[in-house]
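Hello,

Here is the structure I promised to pass on. Please open it first, then read my notes below.

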Amino acid sequence: MGSHGNNLFGAVSSSVEAVTRPSHCDAISQQIRTFIQMRTNLKVVDNSGAKRVMCIQAKSGKYGAKLGDTIVGSVKEAQPRGKVKKGDVVYGVVVRAAMKKGRSDGSEVQFDDNAIVLVNNKGELIGTRVFGPVPHELRKKKHLKILALAEHIV
Amino acid sequence: MASAAATAAVSGVVLPHSLLSHRSSPPHIVALASSFRRLSLCASPRRTTHLVARADASAEAGEPEAEAEPVSASADAEAGEAEGAVAVAEAEEQPPPSKLKVKFGEIIGILNKQFIEEAEKVKTVPDLRPGDIIELRMQRPNKRRLSLFKGIIIAKHKAGVHTTIRVRRIIAGVGVEITFPVYSPRIKEITVIRHKKVRRAKLYYLKHKLPRFSTFK
């Protein structure tokens with residue numbers, strides 16, 4: 001498969017700082033996840049038809065997108081009969097990020113993967129279902145439809 | 001208002017004032033502590049003088065202590081309300097009179113202990129270790145019911161009153177790790193359900209293992 005010793009699940013861990021060989025001093029850098037930026041691969045967790053999207057641009061944020069931000073992406077992998085096809089340029093809302101997001105009560109949340117939900121440029125969802133847990137940071141960003149469709153709100 | 005009372009307290013007792021002058025820049029150290037805890041600056045010199053007054057008075061004789069006590073107690077009480085309005089968990093009571101001299105470097109440690117004592121009065125925090133499977137009830141801002149979090153503690157970072165635990169669980173098929181400050185007033189209850197034997201202090205390896213090791217009913 002050609003994946004390095006520390007890459008988990010194949011191509012998913014794109015925002016992990018890559019290490020060529022597992023060693024003791026890399027343990028700390030492996031734990032520090034960074035922003036979602038250009039070339040980051042993200043999983044799509046709605047039923048719009050796309051499977052993987054590569055981020056082209058983070059709409060807000062100087063260093064990249066965090067949990068709850070919107071990104072522009074290019075569909076890299078799609079299901080045969082879906083609302084979007086491979087090569088489309090789409091907008092997405094980040095619903096799960098491997099980077100910690102702090103909350104106002106002092107707690108921090110992080111997920112195991114990076115995932116988005118596709119929206120159009122007005123902010124309306126393309127799909128009709130959302131899979132997996134979503135954080136309640138989306139409430140503040142006014143993505144109430146995503147929260148309504150979610151399986152579990154963290 | 002509070003500063004006037006503070007200066008009255010200082011000048012009222014002769015001995016601590018002389019000792020204060022020969023120590024190097026006390027307000028600077030306390031300003032550090034105060035900015036870090038968001039106290040008003042007028043309140044902080046009072047707190048130092050109150051600690052120094054205690055220490056020196058007890059070191060010297062019992063008689064100036066009796067004089068310092070009612071003066072600094074009144075200043076303590078009125079600035080206590082001002083602090084209580086600002087910060088989250090402030091100690092309104094005075095620390096137990098210790099017969100040891102209090103060094104300025106120990107002030108943060110003493111204040112931390114006061115905060116922890118205050119938080120302990122509201123709820124008891126059990127002894128938490130990595131490998132414990134816990135159930136945590138937390139108050140969310142506009143919700144009436146407490147939200148429930150379950151999971152295994154994979155890390156505990158000890159930092160006095162900001163001691164945090166990192167709890168991991170698989171929710172709806174995806175692993176989620178949440179860091180909770182243990183002494184936060186939002187957290188109403190922590191109970192340890194089970195304990196998993198681990199040979200590490202930080203269980204970050206769990207996210208690379210099969211999901212079933214992080215699943216808890």
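**A sheet across two chains**

Start at one end: E5(A) and E6(A) run antiparallel, joined by two bridges. In this pair, Lys101(A) faces Val109(A) of E6(A).

First, some ground rules. This is a predicted model, where local features need pLDDT of at least 70, side-chain atom pairs count only at pLDDT 80 or more, and totals for chains, interfaces and linings use all residues. Residues are numbered from 1 along each chain as its sequence is written, chains are lettered from A and ligands numbered from 1 in the order in which they are written, and side-chain values use heavy atoms, with hydrogens and water left out.

Now the terms. Helices (H or I, at least four residues) and strands (E, at least two) are DSSP runs, numbered from the N terminus. Two strands pair if DSSP finds at least two bridges between them. Buried means under 20% relative accessible area, exposed means over 50%, and partly exposed lies in between (1.4 Å probe, protein chains only).

Back to the sheet. It is open and has seven strands, in the order E5(A)-E6(A)-E4(B)-E3(B)-E2(B)-E1(B)-E5(B). The pairing is antiparallel. Which strands stand at the edges? They are E5 (101-102) of chain A and E5 (187-195) of chain B. Each has a single partner strand, so one side of each lacks a neighbour in the sheet.

Next, look at E4(B). Strand E6 (residues 108-111) of chain A pairs with E4(B) in the antiparallel sense, over four bridges. There, Glu108(A) has Thr179(B) as its bridge partner. Strand E3 (residues 164-171) of chain B also pairs with E4(B), antiparallel, over eight bridges. Two residues sit between the strands of the E3(B) and E4(B) hairpin, where Ala172(B) has a positive phi near 55 degrees.

Is E4(B), residues 174-181, mostly covered or mostly open? Mostly covered: eight of its eight residues are buried. In a regular strand, side chains alternate between the two faces of the sheet. On one side of E4(B), Val174(B), Val176(B), Ile178(B) and Phe180(B) are buried. On the other, so are Gly175(B), Glu177(B), Thr179(B) and Pro181(B).

**Two loop residues in chain A**

Arg39(A) lies in the loop between helix H1 (26-31) and strand E1 (41-44). Its phi is positive, near 80 degrees, and it is not a glycine. Arg39(A) is exposed because its relative accessible area is 60%.

Lys142(A) lies in the loop between helix H2 (137-140) and helix H3 (144-149). Its phi is also positive, about 70 degrees. Lys142(A) is exposed, at 64% relative accessibility.

Best wishes
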